[in-house]
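Have a look at the model first, then read on.

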Amino acid sequence: MRKKDGDDGAERGRGLTRRDLLRAGVAGAAGLTAASPLVAGRDRAAASLAARQSRGPSGHDAHDMAVVGDIRPGGFDPVAYLKEFDVGRVSTLPTGQTLREYEIVAVDREIEVAPGVFFPAWTYNGSVPGPTIRCTEGDRVRVRFVNGGSHPHTIHFHGIHAADMDGVFEMVEPGQTFIYEFDAEPFGLHLYHCHAIPLKRHIHKGLYGVFLVDPPQARAAANEMVMVMNGFDTNFDGDNEVYAVNTVGFHYQRHPIVLRQGELNRVYLVNTTEFDLINSFHLHGNFFRSFRTGTNLEHHEFTDNLMLCQGERAVLEFTFNHTGRFMFHAHQSEFAELGWMGIFDVREALNA
Ligand SMILES: [Cu+2]
(Lines give C-alpha, C1' and ligand atoms only; values in the text may rest on other atoms or scores of the structure.)
Protein backbone atom coordinates (compact mmCIF):
# COMPACT_ATOMS: atom_id res chain seq x y z
CA MET A 1 0.00 0.00 0.00
CA ARG A 2 2.96 2.32 -0.52
CA LYS A 3 1.50 3.95 -3.59
CA LYS A 4 -0.61 7.05 -3.32
CA ASP A 5 -3.59 7.88 -5.49
CA GLY A 6 -1.42 10.10 -7.69
CA ASP A 7 0.61 7.06 -8.77
CA ASP A 8 -2.27 5.49 -10.65
CA GLY A 9 -1.04 7.01 -13.90
CA ALA A 10 2.31 5.29 -13.51
CA GLU A 11 0.54 1.98 -13.03
CA ARG A 12 -1.41 2.32 -16.23
CA GLY A 13 -0.26 0.05 -19.01
CA ARG A 14 1.17 -2.54 -16.64
CA GLY A 15 -1.93 -4.67 -17.00
CA LEU A 16 -3.91 -5.05 -13.86
CA THR A 17 -4.08 -1.93 -11.72
CA ARG A 18 -5.57 -1.49 -8.31
CA ARG A 19 -8.36 0.56 -9.82
CA ASP A 20 -9.21 -2.25 -12.28
CA LEU A 21 -9.54 -4.60 -9.35
CA LEU A 22 -11.87 -2.23 -7.64
CA ARG A 23 -14.04 -2.07 -10.76
CA ALA A 24 -14.07 -5.86 -10.90
CA GLY A 25 -15.20 -6.05 -7.31
CA VAL A 26 -17.98 -3.57 -7.89
CA ALA A 27 -19.03 -5.38 -11.06
CA GLY A 28 -19.06 -8.68 -9.24
CA ALA A 29 -21.11 -7.24 -6.42
CA ALA A 30 -23.66 -5.81 -8.82
CA GLY A 31 -23.91 -9.08 -10.71
CA LEU A 32 -23.02 -7.53 -14.07
CA THR A 33 -22.08 -9.75 -16.97
CA ALA A 34 -20.51 -7.07 -19.14
CA ALA A 35 -16.84 -7.42 -19.97
CA SER A 36 -14.60 -5.56 -17.56
CA PRO A 37 -11.40 -3.70 -18.39
CA LEU A 38 -9.86 -6.12 -15.93
CA VAL A 39 -10.23 -9.01 -18.34
CA ALA A 40 -7.70 -8.65 -21.09
CA GLY A 41 -5.54 -10.85 -23.31
CA ARG A 42 -4.99 -14.33 -21.96
CA ASP A 43 -7.10 -13.46 -18.94
CA ARG A 44 -10.01 -12.91 -21.28
CA ALA A 45 -9.33 -16.26 -22.94
CA ALA A 46 -9.26 -17.96 -19.56
CA ALA A 47 -12.46 -16.25 -18.53
CA SER A 48 -14.26 -17.32 -21.69
CA LEU A 49 -12.95 -20.84 -21.16
CA ALA A 50 -14.34 -20.71 -17.66
CA ALA A 51 -17.65 -19.50 -19.04
CA ARG A 52 -17.73 -22.42 -21.48
CA GLN A 53 -16.79 -24.91 -18.78
CA SER A 54 -19.51 -23.67 -16.49
CA ARG A 55 -22.23 -24.03 -19.12
CA GLY A 56 -24.80 -26.46 -17.82
CA PRO A 57 -26.61 -29.19 -19.75
CA SER A 58 -29.42 -26.77 -20.52
CA GLY A 59 -27.02 -24.60 -22.48
CA HIS A 60 -27.32 -21.79 -19.99
CA ASP A 61 -24.42 -20.62 -17.91
CA ALA A 62 -24.30 -22.29 -14.54
CA HIS A 63 -22.81 -19.06 -13.23
CA ASP A 64 -24.57 -15.87 -14.24
CA MET A 65 -21.37 -13.96 -13.75
CA ALA A 66 -18.99 -16.45 -15.35
CA VAL A 67 -17.29 -13.94 -17.63
CA VAL A 68 -16.01 -11.48 -15.09
CA GLY A 69 -17.89 -12.27 -11.94
CA ASP A 70 -16.44 -15.49 -10.64
CA ILE A 71 -13.44 -17.76 -10.61
CA ARG A 72 -13.35 -20.90 -12.72
CA PRO A 73 -14.90 -23.97 -11.19
CA GLY A 74 -12.64 -26.89 -10.37
CA GLY A 75 -9.82 -24.92 -8.77
CA PHE A 76 -9.27 -23.79 -5.20
CA ASP A 77 -12.64 -23.30 -3.50
CA PRO A 78 -12.50 -20.65 -0.75
CA VAL A 79 -15.90 -21.77 0.59
CA ALA A 80 -14.72 -25.36 1.06
CA TYR A 81 -11.38 -24.20 2.47
CA LEU A 82 -13.14 -22.52 5.42
CA LYS A 83 -13.93 -25.91 6.92
CA GLU A 84 -11.24 -28.23 5.57
CA PHE A 85 -9.07 -29.62 8.35
CA ASP A 86 -6.32 -32.15 7.69
CA VAL A 87 -6.05 -34.24 10.86
CA GLY A 88 -3.47 -36.55 9.31
CA ARG A 89 -3.18 -40.32 9.30
CA VAL A 90 -3.76 -41.26 12.93
CA SER A 91 -2.12 -44.12 14.83
CA THR A 92 -0.85 -44.81 18.35
CA LEU A 93 2.84 -45.08 19.27
CA PRO A 94 4.01 -47.83 21.70
CA THR A 95 4.18 -45.12 24.37
CA GLY A 96 0.47 -44.48 23.93
CA GLN A 97 1.09 -41.12 22.29
CA THR A 98 -1.07 -40.26 19.28
CA LEU A 99 0.91 -40.05 16.03
CA ARG A 100 -0.40 -37.91 13.17
CA GLU A 101 1.31 -38.21 9.79
CA TYR A 102 0.91 -35.64 7.03
CA GLU A 103 2.15 -35.34 3.46
CA ILE A 104 2.99 -31.96 2.03
CA VAL A 105 4.33 -31.45 -1.48
CA ALA A 106 5.59 -28.12 -2.77
CA VAL A 107 4.22 -27.51 -6.26
CA ASP A 108 4.60 -24.55 -8.63
CA ARG A 109 1.10 -23.70 -9.82
CA GLU A 110 -0.85 -20.87 -11.39
CA ILE A 111 -3.78 -19.87 -9.20
CA GLU A 112 -6.74 -17.55 -9.74
CA VAL A 113 -6.79 -14.74 -7.16
CA ALA A 114 -9.72 -12.78 -8.65
CA PRO A 115 -11.99 -13.60 -11.57
CA GLY A 116 -9.68 -13.83 -14.59
CA VAL A 117 -6.59 -12.76 -12.64
CA PHE A 118 -3.94 -15.45 -12.42
CA PHE A 119 -0.86 -15.56 -10.23
CA PRO A 120 2.17 -17.87 -10.66
CA ALA A 121 2.19 -19.30 -7.15
CA TRP A 122 4.43 -21.63 -5.21
CA THR A 123 2.10 -23.84 -3.19
CA TYR A 124 1.92 -26.54 -0.55
CA ASN A 125 -0.24 -29.33 -1.99
CA GLY A 126 -1.41 -27.19 -4.88
CA SER A 127 -3.36 -24.55 -3.00
CA VAL A 128 -2.81 -21.20 -1.31
CA PRO A 129 -3.03 -21.38 1.64
CA GLY A 130 -1.79 -24.95 2.03
CA PRO A 131 -3.79 -27.52 4.01
CA THR A 132 -4.89 -26.63 7.54
CA ILE A 133 -2.87 -29.00 9.71
CA ARG A 134 -4.86 -29.89 12.81
CA CYS A 135 -3.85 -31.89 15.88
CA THR A 136 -4.17 -31.83 19.66
CA GLU A 137 -1.57 -30.63 22.13
CA GLY A 138 0.80 -33.47 22.99
CA ASP A 139 0.33 -35.37 19.74
CA ARG A 140 3.41 -36.45 17.81
CA VAL A 141 3.35 -34.70 14.44
CA ARG A 142 5.26 -36.20 11.51
CA VAL A 143 5.25 -34.28 8.24
CA ARG A 144 6.79 -35.80 5.14
CA PHE A 145 7.72 -32.86 2.94
CA VAL A 146 8.55 -33.40 -0.73
CA ASN A 147 9.86 -30.46 -2.70
CA GLY A 148 8.26 -30.85 -6.11
CA GLY A 149 8.84 -27.21 -6.95
CA SER A 150 11.58 -25.46 -8.88
CA HIS A 151 13.29 -23.67 -5.97
CA PRO A 152 14.70 -24.74 -2.57
CA HIS A 153 12.00 -24.64 0.10
CA THR A 154 11.39 -25.68 3.71
CA ILE A 155 8.49 -25.83 6.15
CA HIS A 156 8.97 -23.72 9.24
CA PHE A 157 6.31 -24.59 11.81
CA HIS A 158 5.57 -22.15 14.61
CA GLY A 159 5.61 -23.96 17.95
CA ILE A 160 8.04 -25.42 20.46
CA HIS A 161 10.45 -27.97 18.95
CA ALA A 162 14.09 -28.93 18.34
CA ALA A 163 16.38 -26.61 16.35
CA ASP A 164 16.84 -29.10 13.50
CA MET A 165 13.05 -29.39 13.12
CA ASP A 166 12.63 -25.65 12.68
CA GLY A 167 12.75 -25.65 8.87
CA VAL A 168 15.23 -22.84 8.64
CA PHE A 169 18.78 -24.12 8.02
CA GLU A 170 18.04 -27.46 6.34
CA MET A 171 17.13 -26.38 2.82
CA VAL A 172 15.13 -28.96 0.87
CA GLU A 173 16.28 -28.84 -2.73
CA PRO A 174 13.90 -29.58 -5.63
CA GLY A 175 13.29 -33.32 -5.75
CA GLN A 176 14.39 -33.86 -2.14
CA THR A 177 12.33 -35.04 0.82
CA PHE A 178 12.56 -34.00 4.48
CA ILE A 179 10.67 -35.31 7.49
CA TYR A 180 9.72 -32.88 10.23
CA GLU A 181 8.78 -34.51 13.53
CA PHE A 182 7.92 -32.92 16.86
CA ASP A 183 5.37 -32.93 19.67
CA ALA A 184 2.57 -30.41 19.15
CA GLU A 185 2.92 -27.62 21.69
CA PRO A 186 1.66 -25.26 22.88
CA PHE A 187 -2.04 -25.46 22.00
CA GLY A 188 -3.18 -22.49 19.99
CA LEU A 189 -3.52 -21.10 16.52
CA HIS A 190 -0.21 -21.21 14.70
CA LEU A 191 1.02 -21.18 11.14
CA TYR A 192 3.64 -22.76 8.95
CA HIS A 193 5.51 -21.27 6.05
CA CYS A 194 8.59 -21.64 3.91
CA HIS A 195 11.74 -20.13 5.40
CA ALA A 196 13.99 -20.11 2.31
CA ILE A 197 15.48 -16.76 1.35
CA PRO A 198 14.50 -14.28 0.14
CA LEU A 199 11.84 -14.93 2.74
CA LYS A 200 9.45 -12.23 1.56
CA ARG A 201 9.31 -13.78 -1.89
CA HIS A 202 8.87 -17.36 -0.70
CA ILE A 203 6.02 -16.43 1.60
CA HIS A 204 4.31 -14.02 -0.75
CA LYS A 205 4.38 -16.63 -3.55
CA GLY A 206 2.00 -18.71 -1.43
CA LEU A 207 4.00 -21.08 0.76
CA TYR A 208 2.03 -20.82 4.00
CA GLY A 209 -0.79 -22.50 5.84
CA VAL A 210 -2.50 -22.81 9.21
CA PHE A 211 -1.20 -25.06 11.99
CA LEU A 212 -3.97 -25.53 14.53
CA VAL A 213 -3.21 -27.23 17.85
CA ASP A 214 -6.35 -27.92 19.84
CA PRO A 215 -6.24 -27.75 23.65
CA PRO A 216 -6.33 -31.14 25.46
CA GLN A 217 -9.92 -30.34 26.47
CA ALA A 218 -11.61 -29.35 23.24
CA ARG A 219 -13.09 -25.91 22.85
CA ALA A 220 -16.89 -25.65 22.92
CA ALA A 221 -18.69 -26.92 19.82
CA ALA A 222 -18.98 -24.17 17.22
CA ASN A 223 -19.28 -23.40 13.54
CA GLU A 224 -15.55 -23.22 12.81
CA MET A 225 -13.97 -21.33 9.92
CA VAL A 226 -10.35 -20.77 8.92
CA MET A 227 -9.57 -17.34 7.52
CA VAL A 228 -6.13 -16.41 6.27
CA MET A 229 -5.69 -12.76 5.42
CA ASN A 230 -3.41 -12.58 2.38
CA GLY A 231 -2.45 -10.45 -0.58
CA PHE A 232 -0.98 -10.89 -4.05
CA ASP A 233 1.49 -8.77 -5.98
CA THR A 234 0.20 -9.64 -9.44
CA ASN A 235 2.57 -7.34 -11.34
CA PHE A 236 5.66 -7.92 -9.14
CA ASP A 237 6.18 -4.30 -8.17
CA GLY A 238 6.62 -5.13 -4.49
CA ASP A 239 3.07 -4.12 -3.64
CA ASN A 240 -0.18 -6.08 -3.41
CA GLU A 241 -2.83 -5.61 -6.10
CA VAL A 242 -5.29 -8.11 -4.61
CA TYR A 243 -6.22 -8.54 -0.95
CA ALA A 244 -8.44 -11.28 0.43
CA VAL A 245 -9.23 -13.70 3.14
CA ASN A 246 -8.44 -17.11 1.70
CA THR A 247 -6.87 -15.89 -1.53
CA VAL A 248 -9.73 -14.92 -3.85
CA GLY A 249 -10.67 -11.24 -3.69
CA PHE A 250 -14.35 -10.52 -2.96
CA HIS A 251 -15.18 -14.25 -2.96
CA TYR A 252 -17.24 -14.18 0.23
CA GLN A 253 -19.04 -11.12 -1.08
CA ARG A 254 -20.11 -13.08 -4.16
CA HIS A 255 -20.74 -16.16 -2.04
CA PRO A 256 -21.90 -14.93 1.38
CA ILE A 257 -21.15 -17.30 4.25
CA VAL A 258 -24.37 -18.60 5.76
CA LEU A 259 -24.47 -18.46 9.56
CA ARG A 260 -27.30 -19.36 11.93
CA GLN A 261 -28.88 -17.04 14.45
CA GLY A 262 -27.88 -17.98 17.99
CA GLU A 263 -25.07 -20.33 16.90
CA LEU A 264 -21.55 -19.94 18.24
CA ASN A 265 -19.09 -19.13 15.43
CA ARG A 266 -15.33 -19.49 15.74
CA VAL A 267 -12.94 -17.94 13.23
CA TYR A 268 -9.31 -19.02 13.18
CA LEU A 269 -7.80 -15.82 11.82
CA VAL A 270 -4.19 -15.73 10.58
CA ASN A 271 -2.37 -12.85 8.90
CA THR A 272 0.15 -13.85 6.23
CA THR A 273 -0.02 -10.62 4.20
CA GLU A 274 3.36 -9.56 2.78
CA PHE A 275 4.50 -5.99 2.01
CA ASP A 276 2.01 -4.43 4.47
CA LEU A 277 2.89 -4.32 8.14
CA ILE A 278 -0.60 -4.87 9.45
CA ASN A 279 -3.98 -6.18 8.47
CA SER A 280 -7.26 -6.17 10.33
CA PHE A 281 -10.63 -7.87 10.73
CA HIS A 282 -13.75 -5.79 11.28
CA LEU A 283 -17.16 -7.32 11.94
CA HIS A 284 -20.41 -5.45 11.28
CA GLY A 285 -23.44 -5.48 13.55
CA ASN A 286 -21.76 -7.53 16.22
CA PHE A 287 -18.78 -7.87 18.57
CA PHE A 288 -16.45 -10.82 19.01
CA ARG A 289 -14.25 -12.20 21.77
CA SER A 290 -10.61 -12.42 20.67
CA PHE A 291 -8.11 -14.98 21.95
CA ARG A 292 -4.71 -13.84 20.73
CA THR A 293 -2.61 -16.75 19.39
CA GLY A 294 -5.32 -19.01 20.80
CA THR A 295 -3.03 -20.02 23.66
CA ASN A 296 -5.30 -18.87 26.45
CA LEU A 297 -8.88 -19.96 26.99
CA GLU A 298 -9.79 -16.63 28.57
CA HIS A 299 -10.50 -13.99 25.96
CA HIS A 300 -8.36 -10.88 25.76
CA GLU A 301 -10.77 -8.48 24.22
CA PHE A 302 -14.41 -7.90 23.30
CA THR A 303 -14.33 -5.80 20.18
CA ASP A 304 -15.46 -5.45 16.58
CA ASN A 305 -12.05 -4.69 15.08
CA LEU A 306 -8.79 -6.57 15.54
CA MET A 307 -5.40 -5.61 14.15
CA LEU A 308 -2.77 -8.25 13.43
CA CYS A 309 0.86 -7.83 12.38
CA GLN A 310 2.25 -10.23 9.78
CA GLY A 311 2.45 -13.72 11.30
CA GLU A 312 0.06 -12.86 14.14
CA ARG A 313 -3.19 -14.74 14.59
CA ALA A 314 -6.20 -14.86 16.85
CA VAL A 315 -9.24 -17.00 17.55
CA LEU A 316 -12.49 -15.01 17.30
CA GLU A 317 -15.80 -16.13 18.76
CA PHE A 318 -19.17 -14.52 18.15
CA THR A 319 -22.88 -15.27 17.98
CA PHE A 320 -25.39 -13.32 15.92
CA ASN A 321 -28.67 -12.45 17.58
CA HIS A 322 -29.94 -10.62 14.49
CA THR A 323 -30.59 -12.15 11.08
CA GLY A 324 -29.61 -10.46 7.83
CA ARG A 325 -26.49 -9.65 5.87
CA PHE A 326 -23.47 -8.36 7.75
CA MET A 327 -20.16 -7.33 6.23
CA PHE A 328 -16.78 -8.40 7.50
CA HIS A 329 -13.67 -6.80 6.04
CA ALA A 330 -10.32 -5.18 6.64
CA HIS A 331 -10.83 -1.84 8.30
CA GLN A 332 -8.11 -0.42 6.08
CA SER A 333 -10.49 0.82 3.38
CA GLU A 334 -7.91 0.30 0.65
CA PHE A 335 -7.56 -3.41 1.43
CA ALA A 336 -11.35 -3.79 1.51
CA GLU A 337 -11.71 -2.06 -1.86
CA LEU A 338 -9.06 -4.35 -3.35
CA GLY A 339 -10.77 -7.56 -2.35
CA TRP A 340 -10.65 -8.08 1.43
CA MET A 341 -14.40 -7.93 1.85
CA GLY A 342 -16.99 -10.56 2.71
CA ILE A 343 -20.55 -11.00 3.90
CA PHE A 344 -22.11 -13.17 6.58
CA ASP A 345 -25.69 -14.09 5.71
CA VAL A 346 -27.26 -14.80 9.08
CA ARG A 347 -30.44 -16.87 8.85
CA GLU A 348 -32.87 -18.16 11.39
CA ALA A 349 -31.79 -21.20 13.34
CA LEU A 350 -32.71 -24.46 11.58
CA ASN A 351 -34.79 -25.64 14.52
CA ALA A 352 -36.36 -22.24 15.19
CU1 LIG B 1 10.33 -21.46 -0.33
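1. A definition to start with: two strands pair if DSSP finds at least two bridges between them. Keep in mind that this is a predicted model.

2. With that in hand, look at strand β20 (residues 324–329) and strand β21 (residues 341–347), which pair in the antiparallel sense over six bridges. Here Arg-325 stands opposite Asp-345 in β21.

3. β20 also has strand β15 (residues 278–283) as an antiparallel partner, this time over two bridges.

4. Next, the core. The largest nonpolar core has 28 residues, and Met-227, Ile-257, Leu-269, Phe-281, Phe-328, Trp-340 and Phe-344 are the ones with the most contacts inside it. Leaving aside residues up to four places away in sequence, Met-227 touches Leu-82, Val-245, Ile-257, Phe-281, Phe-328 and Phe-344, among others. Apart from this core lies another, of 25 residues, including Phe-145, Tyr-180, Leu-207 and Phe-211.

5. Cys-194 and His-202 are both buried.

6. Last, the other cysteines. Is Cys-135 buried or exposed? Cys-135 is buried, because its relative accessible area is 1%, under the 20% cut-off. Cys-309, at 36% relative accessibility, counts as partly exposed. As for disulfides, the count comes to zero.

How values were computed:
Residues are numbered from 1 along each chain as its sequence is written. This is a predicted model: local features need pLDDT of at least 70, side-chain atom pairs count only at pLDDT 80 or more; totals for chains, interfaces and linings use all residues. Side-chain values use heavy atoms; hydrogens and water are left out. A disulfide is a pair of cysteine sulfur atoms within 2.5 Å. Buried means under 20% relative accessible area, exposed over 50%, partly exposed in between (1.4 Å probe, protein chains only). A nonpolar core is a set of buried Ala, Val, Leu, Ile, Met, Phe, Trp, Tyr and Cys residues joined through side-chain atoms within 4.5 Å. Contact means heavy atoms within 4.5 Å. Helices (H or I, at least four residues) and strands (E, at least two) are DSSP runs, numbered from the N terminus.
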